[in-house]
Structures are given as C-alpha cells and as structure tokens.
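Welcome! Take a look at the structure, then try each task before reading on.

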2 protein chains.
Amino acid sequence: MSEERLDRLRDLLTAHDVGALVLSRSSDLRYLVGATPPGCLVITPDGPPVHVGAVHGDVCSLIPAGARVAVDPRMPADELLALQERLGPGTPLVSAAPLLAPLRIRKSAEEIELMERAAIAADRALTAARAFTWSGSTEREVARRLHTLLLDSGHDEVTFVTVAAGENSADPHHRPAGRVINPGDAVLVNVGGRCGGYCSDTARMFAVAEPPEDFEAMYSVVLAAQTAACEAVRPGVAAAEIDTIARDVIIESGYGAFIAHRTGHGIGLDQYEPPYLTPEEDTILDAGMTMSIEPGIYLPELYGARIEDVVVCTDIGARRLNQTPRLLDVVDL
Amino acid sequence: MSEERLDRLRDLLTAHDVGALVLSRSSDLRYLVGATPPGCLVITPDGPPVHVGAVHGDVCSLIPAGARVAVDPRMPADELLALQERLGPGTPLVSAAPLLAPLRIRKSAEEIELMERAAIAADRALTAARAFTWSGSTEREVARRLHTLLLDSGHDEVTFVTVAAGENSADPHHRPAGRVINPGDAVLVNVGGRCGGYCSDTARMFAVAEPPEDFEAMYSVVLAAQTAACEAVRPGVAAAEIDTIARDVIIESGYGAFIAHRTGHGIGLDQYEPPYLTPEEDTILDAGMTMSIEPGIYLPELYGARIEDVVVCTDIGARRLNQTPRLLDVVDL
C-alpha cells in the first residue's frame with residue numbers, strides 16, 4: 001500500500017463528497033496496493049482501507065449510511081448490479097473515474113522510468129525486425145517472432161502484437177492470420193507489452209522490397225500528422241487540440257475520409273487510460289502525462305498506415321519515449 | 001455473426017422475459033460476432049442486432065419502453081452507470097450472466113478441438129521445460145523461457161506464466177520475480193495461453209535436484225485430490241460436488257487449513273467462466289462443459305503444490321485435455 005497515494009486519494013474523496021470508494025480487481029487497485037488480490041478494497045476518507053473477499057458480501061457494512069459511493073470504473077457489471085441490490089436505491093453509486101483520473105494521470109519519475117524501459121524494449125524489437133525475411137512469411141509467423149523479440153528485449157509480458165499485411169493494413173483492428181507477406185506489400189506492425197506493470201505501445205510501417213504504388217505520398221501525410229501532434233504536446237494545451245492538429249494535417253491533404261480512430265490515448269498501468277486524444281476530451285495537458293500519438297490513414301482494400309509513439313508531456317514540451325526512426329522502413333532489399 | 005448462436009440467444013431472451021441485451025467488448029461479443037469492435041451490440045428478441053459506437057449514446061433509442069434490459073456481465077461500471085442514467089430508473093437493468101451462461105457453457109466439437117490444441121501446446125511447453133537448467137536461474141528467467149516455448153508450441157498468445165520457487169510457491173497469487181532457484185526447491189509452474197481464442201491453463205510442480213523435506217507426502221495428497229476430482233466429473237454431478245471431493249481428500253489428510261482457493265473453474269473463451277467448482281455453485285455438470293481442476297495445498301513460508309488440468313465432461317466421464325504426466329518432476333538431476 002502506497003501511503004502517499006492513499007493520502008492523495010483520501011483528499012480527493014473528501015473533495016468529491018464521496019463517503020466510500022469500492023475498488024475491484026483493476027489497475028486502480030494495483031496502483032494503490034501494488035497487487036490485485038481477489039475481492040475488492042473499500043476506502044473511506046477516514047480509517048484504514050478494508051479488503052473484503054466479495055463485493056456482494058461484506059462491503060455494505062463498511063459503507064456509511066446515506067454516503068455517496070464511488071465505484072471502480074472497471075468493476076464488472078455483474079458485481080456492480082449485485083452491489084446496487086445490496087445497498088438499495090437510497091445509496092447513489094457514481095463512477096470513480098473523475099476521482100481516480102487526477103490521481104493517476106500525472107506519472108511520477110519512477111513510473112516514467114518504467115514506461116521508458118518498456119518503450120525502449122519495443123524499439124529494440126522493431127529494430128531487430130528489420131532483419132527478418134519478410135517475403136514468404138505469414139503475418140502470424142512474423143507476429144510470433146516479434147513476440148519472442150519483445151520478451152528478449154526486456155518486456156515482462158507481451159500485451160499484443162499486430163501484423164497486418166497489404167489490404168489487411170487498411171483494417172485498424174486486424175489480427176495476424178495466415179496471409180502470406182509478398183514483395184510490394186506495406187505491413188503495419190503494432191506491438192505492446194509491460195515492464196514493471198507499465199505499458200508500451202508502438203507502431204511502425206514496413207514496406208517489403210518496395211512500397212506499393214502511391215503509398216509513400218500517403219505515408220508522408222501520416223508522418224507529418226504524427227510529428228505535428230507530438231510537437232504540439234506541452235502543458236496548457238487541450239488534449240482535444242492534439243487530436244485536431246493531427247486530423248487537420250490529414251484532412252488538408254485530402255485523406256480526411258480515411259481517418260478511422262482517435263489520435264491517441266493516455267497510457268500507463270492501463271493500455272488505455274485518460275487523457276484520450278479525441279475531439280470530446282476536455283483534459284488540459286500537464287507535465288507528467290503520458291500518451292500514445294498514433295494518427296493513421298486507412299484506404300479500404302488497398303492499404304493503411306499508422307505511426308505510433310508514446311510521449312511524455314514535460315515542462316518544455318513532449319519527450320518521445322520511443323526512438324525508432326519513423327521514416328518508412330523498406331525491408332527484404 | 002453466428003446465426004445459430006444468435007437464434008439460441010433470442011430464445012433465451014424470450015424465456016428470461018428480457019426485451020433487450022446490451023453486450024460490451026467482451027468474450028460474449030466475441031462468441032456471437034467473432035470479434036470485439038469498439039462500442040456495443042444491442043440484441044432484441046426480434047429484428048437484427050444493432051452495433052452502436054458508444055453505450056451512452058444511441059443505445060437508448062433501440063430499447064423498447066418498459067423492457068427489462070440485460071447487460072453484459074463484464075460491461076465496465078462506468079459504461080453501465082452511464083447507461084442507467086440515460087435509461088432512467090423506470091428501466092430495470094439485470095446481469096445477463098444467467099442468460100449467457102447456458103448459451104456458452106456447453107462447448108461444441110469445434111470449440112473443444114481448439115481447447116485441446118491449446119492444452120497440447122501447454123503440455124509441450126511443460127515437457128520441454130524439464131530440460132531447463134533450473135538451478136541458478138531466476139523465476140523470471142524461467143518464466144521468459146516458458147513464454148517462448150508456449151508460443152513455439154502452438155499458442156497464438158500467452159495469457160500468463162507463473163513461476164514460484166520455494167517459499168513463493170506457498171503464495172497462490174505469486175508473480176515471477178528475481179528469486180533464484182536453488183537445489184532442494186519445489187517450483188510451481190502455471191501457464192496459460194490461447195489457440196483460436198480458446199484458453200489453456202495447466203499447472204505442474206518441479207522439484208530441483210531433490211524434493212524439499214516432507215514435500216512428497218504433501219504432493220501425493222494434492223495428486224490424490226486432483227485425480228479424485230477429475231474422475232468424478234460426469235453428466236449429472238453437481239459442480240459443487242467436484243469441489244467437495246477434492247477438499248475432502250485434502251481435509252482427511254490433515255491439510256484442510258492450507259486450502260487457499262476453489263478446486264477449479266470453467267474455461268473457454270474466458271480464462272474464468274462458469275461452471276465454478278466452489279461450494280456455492282449450483283450448476284449440474286453436462287456433456288461439453290470444460291473446466292480446470294486444480295486443487296492445491298499451501299504451507300506458508302515453506303512451499304505449496306498445485307496440479308492443474310483442463311478436462312471436458314463427456315457422456316462417459318471426464319476427458320483430460322492435458323496429457324503431461326502428473327508425477328512429481330525432479331529436474332536438474
């Protein structure tokens with residue numbers, strides 16, 4: 001249990017007029033306790049946190065009558081519904097997301113060090129992947145090799161490996177399958193893992209032997225968008241503004257119809273966490289916030305391109321935790 | 001979208017008097033759609049399923065007035081609370097767990113084939129691990145090698161690798177760390193991964209050079225409990241009864257105070273799913289149900305032991321999907 005984090009959390013409970021916070025087995029619990037034992041943790045503004053074995057069981061006796069109760073935003077619905085039934089309609093339940101986000105959104109030096117370690121491990125794997133024989137391999141085979149490289153390069157665990165070749169790269173949610181990679185394919189590679197609990201998330205494009213027709217022009221737009229968004233990160237800028245900056249580069253180049261997702265997302269103990277780089281996000285960036293910046297363009301049935309780095313907002317601007325070059329990597333030459 | 005699964009689900013909606021089911025990005029969505037796109041899927045007894053981008057947005061217009069609404073048991077609390085607020089207090093929300101469990105709990109031949117493929121991949125990795133040099137390696141190093149072996153042996157992804165040496169094996173939730181493995185240590189290894197979306201989950205004990213003092217007697221109790229529980233699996237037996245059978249073997253041998261968890265859990269697309277082998281579970285086993293059987297004994301500060309296999313309930317009894325021998329493996333001889 002981190003006493004400093006707990007103290008900050010208690011202040012937030014009081015500020016949000018919350019009488020009890022119920023955390024389930026989530027990254028919030030890991031942030032506070034360093035582990036995620038079964039059951040849940042009940043935290044009140046006074047008194048020690050209490051760990052109970054099951055949400056629907058003993059939690060109710062710990063909650064002050066009439067208190068506003070905040071629940072872990074990741075608590076599964078079946079636990080939440082059981083808790084609601086036990087507490088009855090007189091006890092209002094609210095999401096603890098607005099309360100927990102400020103607690104976790106600015107990373108400490110120790111947290112950033114772990115994120116940098118994870119980013120460097122991803123960089124090493126992507127650099128080593130340049131030496132693969134890509135032509136003739138399937139997406140799944142390349143993914144397998146990347147998986148091993150990610151572990152060898154220092155990740156404690158691998159969260160995901162995406163390898164999407166040719167037309168599959170136009171699907172931002174593609175999962176590696178039996179598609180054979182051929183000369184002339186663009187291949188989107190996106191990898192993620194954890195070091196000491198903290199996530200990496202990096203995407204690069206590889207062109208096999210030579211880039212497909214007209215690919216480089218499109219790629220240079222993605223690179224310009226990603227660069228512009230990275231360089232705009234600094235304290236005081238709205239998260240939504242970073243999203244707009246990347247979108248505008250793409251829209252002005254005529255590819256606006258082929259944006260398929262937000263520009264990025266906060267990252268830390270969770271793969272996806274605040275601040276989200278979307279038009280709706282109202283967070284103002286501040287030093288210590290860590291986020292992915294990953295604009296993409298996806299031309300259906302043809303190809304797609306995404307470039308992704310994790311950056312940390314510092315007093316003087318963005319520091320990119322990934323160092324892998326972002327110029328299009330032509331492999332199998 | 002599997003039409004056959006959808007038809008069965010619609011019948012269940014009608015039988016449970018549910019006007020709409022809202023699925024979030026969970027294994028339930030994967031089961032029905034084969035993928036987990038962002039947003040959620042609204043399914044009603046009539047009409048086609050509708051995919052919407054955000055729970056709090058367009059879902060409400062799809063839900064018949066006054067209908068009982070079932071929600072994905074794994075929907076995160078923040079989505080559920082937003083949905084509740086939009087629907088208002090007049091629309092009762094219930095967990096879809098009782099509705100979805102019967103849909104997924106009996107696996108088809110195709111599903112069992114994928115689970116067997118995953119189990120065999122885990123077996124191969126555990127068999128290859130016998131050739132490791134264990135003494136002098138850290139838990140983390142052994143975990144890393146197992147990770148690679150799990151992928152090489154046919155898993156699409158690795159879900160977890162637990163390596164707990166000596167006194168760490170007495171903690172059922174231990175995560176591999178820097179503890180160096182020495183001669184005379186018992187080492188608990190538990191691995192899991194996925195093939196085609198379906199999970200493996202297997203645990204074996206390794207003794208380095210020689211078993212620790214009095215370990216073998218305790219181990220033989222775990223083996224007897226696991227064997228008895230496996231052999232009791234057949235249609236018509238209560239899941240709770242399987243739990244009792246394993247517990248009774250351990251209790252009768254005098255280790256009852258050192259049981260730390262349930263005897264097992266259902267497994268499939270999820271690592272943990274019904275039926276749970278606990279005293280409270282009221283499911284009656286039937287052909288096609290797949291579950292882990294994993295009794296353990298944990299002696300604090302000394303050592304622990306767990307043996308785990310995945311079994312499928314068939315008409316004539318349990319079929320063990322894992323084939324790795326369960327006799328104590330003495331390595332580094």
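**Exercise 1.** What area is buried between domain 1 of chain A and domain 2 of chain A, and what percentage of it do carbon and sulfur atoms give?

*Solution.* Keep in mind that this is a predicted model. Begin with the two parts: domain 1 of chain A covers 3-104, and domain 2 covers 109-331. Taken over C-alpha atoms, their centres lie 34 Å apart. Now for the area: about 510 Å² is buried between domain 1 and domain 2 of chain A, with carbon and sulfur atoms giving 48% of it. On the domain 1 side, Tyr31(A), Arg74(A) and Arg104(A) together supply 56% of the area buried against domain 2, more than any other three residues.

**Exercise 2.** How many residues of each domain of chain A are in contact with the other domain?

*Solution.* Count each side in turn: 7 residues of domain 1 of chain A touch 7 residues of domain 2 of chain A.

**Exercise 3.** How many salt bridges are there between domain 1 and domain 2 of chain A, and which elements of domain 1 each supply at least two residues of the side that touches domain 2?

*Solution.* The count of salt bridges between the two domains is 4. Look also at Arg104(A), which forms a salt bridge with Asp270(A), where the closest N and O atoms are 3.2 Å apart. Next, the elements: helix 2 (27-33) and helix 4 (97-104) of chain A each supply at least two residues of that domain 1 side. Helix 2 gives the largest share, 3 residues. Finally, sort this side by class: 2 residues are nonpolar, 1 is polar and 4 are charged.

Note on methods. Residues numbered from 1 in each chain as written. Chains lettered and ligands numbered in written order. Predicted model: local features only at pLDDT ≥ 70, side-chain atom pairs only at ≥ 80, totals over all residues. Heavy atoms only, no water. Domains from an automatic or database assignment. Contact = heavy atoms within 4.5 Å. Buried area = accessible area lost by both parts, 1.4 Å probe. Salt bridge = Lys/Arg side-chain N within 4 Å of Asp/Glu carboxyl O. Helix = DSSP H or I, 4+ residues; strand = E, 2+ residues; numbered from the N terminus. Nonpolar A, V, L, I, M, F, W, Y, C, P; charged D, E, K, R; others polar.
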